[in-house]
Amino acid sequence: MRKIRKEKGLSEIVTSVILTGIMLSIALIAMGFANNMFAIQSESTEFDQAKNIMTNLAEVIEHVSTKQGSSGYVKFNSRTGGPSFVRDAKTLTLSVETLSGTLPYDSINLLSVQCSQLKYRGGSLASAAGKYLIRGTEVPILFNNNASMGCVYVEQSDGAWIVIDYSRVNVLNLGTFNFSKGISATTGLPIFELVNILQVNYINLLPGTFSGSGNIYVVAKCRSLETSYYRMSAPADAGPLNPTYRVRFSAGPNGFLEISLPSFYSNGTHYLPRDTIIMLVQSNVEISYFGG
């Protein structure tokens with residue numbers, strides 16, 4: 001008779017444990033991957049929403065900057081990111097000179113300030129494809145409101161950031177006006193002088209109160225408006241043979257603006273050169289944020 005050989009194998013219990021372990025491992029890996037994808041999507045959505053809110057905040061700042069005491073706010077629903085105020089992030093210098101031909105005739109240093117910035121930090125899983133603008137321009141000198149003063153851009157620098165930057169001025173050519181020189185001692189009547197008037201606007205961000213986390217309310221309030229006047233002499237050769245002269249604004253190596261202005265007017269047969277009055281208007285806007 002033949003002997004029957006017994007085959008050895010794994011028991012059903014051991015097999016079930018192994019299969020259960022494999023399936024559990026696969027489930028845990030899938031759950032971890034899904035959670036990670038959900039976190040990336042959530043932080044990306046939060047960062048995209050912050051772009052719109054930062055753009056709205058720049059508009060609020062420009063709106064309140066024209067009236068002392070006015071204020072406005074925006075709300076950030078932040079989970080992983082949040083806003084911050086960066087002091088003295090950039091330096092802005094502005095000089096002005098009058099020119100006849102290629103030679104400067106009169107010049108002044110109009111502005112030299114340290115510019116602060118508002119920044120929003122994205123979460124650790126948010127990312128940005130390099131640096132790109134979403135509002136305004138980085139040109140340091142604007143002319144007649146040809147762009148927004150607040151530049152909003154996104155950059156990747158040890159994380160994803162949204163930046164509001166006001167390191168620029170806006171020059172307005174207001175035209176030619178009769179500028180009062182006072183009262184005549186002989187006639188008692190006002191004395192007026194015809195001059196060109198240029199207005200230069202600058203928004204200065206000031207730090208306020210910062211507290212809290214989570215849902216953040218960022219408040220912009222115009223603390224004060226400071227106005228200064230500077231007189232620029234017309235070139236000596238301004239007159240009937242040289243009817244215009246130029247005023248040049250300079251702000252660093254990449255910022256130039258030249259404006260041609262009329263240099264004389266007719267008073268019977270007598271010609272007089274027109275000087276230029278530079279009116280510098282600085283809006284001091286305080287930024288605060290509160291958690292709630």
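These entries record what I looked up on cores and pockets in this predicted model.

**Basis.** I number residues from 1 along each chain as its sequence is written, and side-chain values use heavy atoms, with hydrogens and water left out. Local features need pLDDT of at least 70 and side-chain atom pairs count only at pLDDT 80 or more, whereas totals for chains, interfaces and linings use all residues.

**Cores.** I looked first for nonpolar cores, meaning sets of buried (under 20% relative accessible area, 1.4 Å probe, protein chains only) Ala, Val, Leu, Ile, Met, Phe, Trp, Tyr and Cys residues joined through side-chain atoms within 4.5 Å. The largest holds 32 residues, and Ile61, Phe76, Leu205 and Ile287 have the most contacts inside it. Elements here are DSSP runs numbered from the N terminus: helices (H or I, at least four residues) and strands (E, at least two). Those giving two or more residues to this core include helix H1 (12-64), strand E9 (190-211) and strand E15 (276-291). H1 gives the most, with nine residues. A second, separate core of 25 residues includes Leu111, Val171, Leu257 and Ile278.

**Ile287.** I then listed contacts (heavy atoms within 4.5 Å). Leaving aside residues up to four places away in sequence, Ile287 touches, among others, Ile61, Phe85, Leu118 and Leu205.

**Pockets.** I took a pocket as an open set of points on a 1 Å grid over the protein atoms alone, where a 1.4 Å probe fits, with protein on both sides within 12 Å along at least five of seven lines; lining residues have an atom within 4 Å of a point. A volume is the space filled by probe spheres set on the points, which are joined across faces, edges and corners. The largest pocket has about 260 Å³. Of its 15 lining residues, Glu62, Ser65, Thr66, Met149 and Asn201 are the closest to its centre. E9 gives the most to this lining, with three residues.

Conventions: Buried < 20%, exposed > 50% of the residue type's maximum accessible area, 1.4 Å probe, protein only.
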